[in-house]
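Here's a quick tour of the aromatic rings in this structure. Have the sequence and the 3D view ready as you read.

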Amino acid sequence: MHARAALFDLYGDHLRSRGGQASVAALVRLMKPLEIAAPAVRTAVSRMVRQGWLRPIRLPHGAGYALTPKCVRRLDEAALRIYRAGTFTWHGRWHLIVLEPVKERPRRERLRADLTFLGYAALSETTWIGPRSSIELDNLLEGEGVRADRFDAALEGDPRELVARAWDLTAIGEAYEQWHAEAVTLISTLPESAPDDQVFATRSRLVHGWRNFLFRDPGLPPELLPAGWPGEKARAYFEQEAARLLPAAAAFVDRELI
């Protein structure tokens, strides 16, 4: 796990519900079980400040960093999909986005990565489609200075054909199977009487691996997925183990935040 990704996971999975802030010293302590050294933590935090995800603050225990509104929106969007915190009923319609052409390659690449994260797939260079609208889309487009026409669209044709063209479900399904096998191995190596810091580290790795699916799986409705979709078996295992390990992991976080 890289420091920046681990910090995103930490803020999203633990600190978001604890005021969204922590001292630098606490961040260093919390990253130690993941074998991330203090210099790497400080470098990652500085980068996240430059990118607008964190802002420096003063805390009773020294300098610290808090979530920006931009980061809160991103973490909340992610939580809806990671933990299925929101209900989603698909009514057979698609959210269609037609972007104005973007000439600069860095902006195009940022847009592509962010739209994929939000669950959209490219039908062409400027046309993207998703099974639902995203609460973060307005802020993404505004931040990049890109204009887009948006449509609530009904498809004339077989939605499964559209899905097969827009997303590689075979590759996503294989990734779920691989994740599940690796997650079972990860959990099986955790001793039953493991200390809180070890439980925190194991759960963090579990969540980190699962969070990566936000960049691959758009969260399609069940009626558009193949029978026996491996993502459901993987999700059931993730939800079971993430919940089981949470009390000990949370105890470690609470102790180190003091």
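## Ground rules

Buried means under 20% relative accessible area, exposed means over 50%, and partly exposed is in between, using a 1.4 Å probe on protein chains only. This is a predicted model, where local features need pLDDT of at least 70, side-chain atom pairs count only at pLDDT 80 or more, and totals for chains, interfaces and linings use all residues. Residues are numbered from 1 along each chain as its sequence is written, and side-chain values use heavy atoms, with hydrogens and water left out.

## Rings that pair up

Rings of Phe, Tyr and Trp (its six-membered ring) pair if their centres lie within 6.5 Å; planes under 30 degrees apart are stacked, over 60 edge-to-face, and the rest tilted. That gives 12 aromatic pairs here. One of them is Trp-90 with Trp-94, edge-to-face at 5.3 Å centre to centre and 70 degrees between the planes. Trp-94 counts as buried because its relative accessible area is 2%, and Trp-90 is buried too, at 13%.

Trp-210 and Phe-238 are stacked instead, 5.0 Å centre to centre with 5 degrees between the planes. This pair links distant parts of the chain, 28 residues apart: Trp-210 is in helix H9 (residues 196-211) and Phe-238 in helix H10 (residues 230-257). Helices are DSSP runs of H or I, at least four residues, numbered from the N terminus.

## Charges over rings

A charge sits over a ring if NZ of Lys or CZ of Arg is within 6 Å of the ring centre and within 35 degrees of the ring normal. Lys-70 has its charged end over the ring of Trp-53, 4.2 Å from the centre. Arg-74 lies over the face of Phe-117, at 4.2 Å from the ring centre.

Methods
Helix = DSSP H or I, 4+ residues; strand = E, 2+ residues; numbered from the N terminus.
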